[in-house]
Amino acid sequence: MTSDKCIANEVPFEELPEGWAWARLETVYNFIDYRGKTPHKSPSGVRLMTASNIRQGYIDYTREEYISEDEYATRLSRGETHRGDLLFTTEAPMGYCAICEMKRCSCGQRVITLQNYGTVGPDNALFCQIILSPLFQIQVKDHATGTTAKGIKAAVLKELFLPIPPLAEQRRIVERVNELMPLVEEYGELEDAREELDAALPGRLRKSVLQLAVQGGLVPQDPADEPAGVLLERIRGQRRQLVAEGEMKAPKGGESIIFAGSDGRRYEKRVDAGGRESEPVCIEDEIPFEIPESWEWARLESVTTYIQRGKSPKYSTVEKYPVIAQKCNQWSGFSVEKARFIDPATVSKYADERILKDGDLLWNSTGLGTLGRMAVYDSAKNRYGWAVADSHVTVIRTREDWLDHRFAFAYFAGPSVQPEIEDQASGSTKQKELAQETVRNYLIPVPPLAEQRRIVYEVDWLFKILV
């Protein structure tokens, strides 16, 4: 004898389209469940479909496992899986469903075969989509048990509800879904591409900002600024004075002067300590891009006071005198936390010029993957109050009334230099190296000093927005 029972508090929602009805899963599908029956696997035989093969709407055939013919024969007592049946995972992962495409197979412990009785429509494609929909998946999650690995029992699964459309409407729904799925897949691909672009966009925008900055396109030029040519002439005078006072060494081959010839191309000449000039050499093929009229090109050595590779010391476990290595220099900033330490007994051997100063550019000059990475030394981030670089790092030091170190960092961090680092380096494929002479001779654009400072202010502001 049957009796009516109110299930309003059980169904996912009360309102269904006219002609539709709710049905429990067990009234639509026969369950073939192998729980508690561990399969004895075999090198060949009948294909075993485990939970790891069932994905959301499709079957992954890359993982192959088999049971023997004899094992398969004993399992038939519980039922036989047919092509077109639904395969449902009850645990790890829970709730995945796909249509069986194999003529003959057997399911593992965490997979239930759902065989359509055909009483409410034979089209499993529609019901597979319903089972994968949030409407059904929420029911599965709400009725799951377990702590570390959630699962749903077959007896509970049988009681969950499916919305059942009229047979003719089922067919129309399937036809419409088949029409829309290519569009959904295309949208999914576009969405994946959009997410990939969103993830890459901040980095791309930073590169664009840096490129604009060092080409003169980020801030407008001010005619009232002292031209870079005048700045460079003053720097050369001050460098000659520093050489005469023994504060710095004279550059090999003389001071570099780069200028535009009457033909519009760039030339370079060298001037030695006695004022003798070399014959100009055309370097137009070295110039990476055009710059504003008030800017100039210069060799890095010509606008710095110190370019020197560090040296590898005798290390110690005494954490007092840090040595800055490649791993300390990240594009996100300088860090002393990964540094090793010098033997205190050898500290006195380091000349004062080797001790790092605020604003020093620390350029990774060897290695693969870290070559060309740069950071700016910041004593506020060094609780030890003292540091030197090791032999894999080149220290570049300038004066802020010559070349703002932040502008130089923007240039060497940007897309004009970084993609070319490997080509500029020498050595084998296992160990690339930026020779010290290569670093000294790098070309760098030099804006008027006031414009350098406007540029770095604008870059800082934009980078804060892009975080």
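**A tour by selection**

Q137 counts as buried because its relative accessibility is 14% (buried is under 20% relative accessible area, exposed over 50%, partly exposed in between, with a 1.4 Å probe and protein chains only). This is a predicted model, in which local features need pLDDT of at least 70 and side-chain atom pairs count only at pLDDT 80 or more, while totals for chains, interfaces and linings use all residues. Residues are numbered from 1 along each chain as its sequence is written, and side-chain values use heavy atoms, with hydrogens and water left out.

Stay on Q137, which sits in helix α4 (residues 134-142); helices are DSSP runs of H or I with at least four residues, strands runs of E with at least two, numbered from the N terminus. Apart from neighbours within four places in sequence, Q137 is in contact with M94, G95, I131 and L132 (contact: heavy atoms within 4.5 Å).

Next, select R104 and E69. Their side chains form a salt bridge, 2.8 Å from N to O (a side-chain nitrogen of Lys or Arg within 4 Å of a carboxyl oxygen of Asp or Glu). R104 is in the loop between β7 (94-99) and β8 (106-107) and E69 in helix α2 (residues 69-75), so the pair ties together parts 35 residues apart in sequence.

Move to R239 and E255, whose closest N and O atoms are 2.7 Å apart in a salt bridge. The pair joins parts 16 residues apart in sequence, because R239 lies in helix α7 (residues 228-244) and E255 in strand β11 (residues 255-260). Both residues are buried.

Last, select E268, R270, E286 and R299, which a network of salt bridges links.
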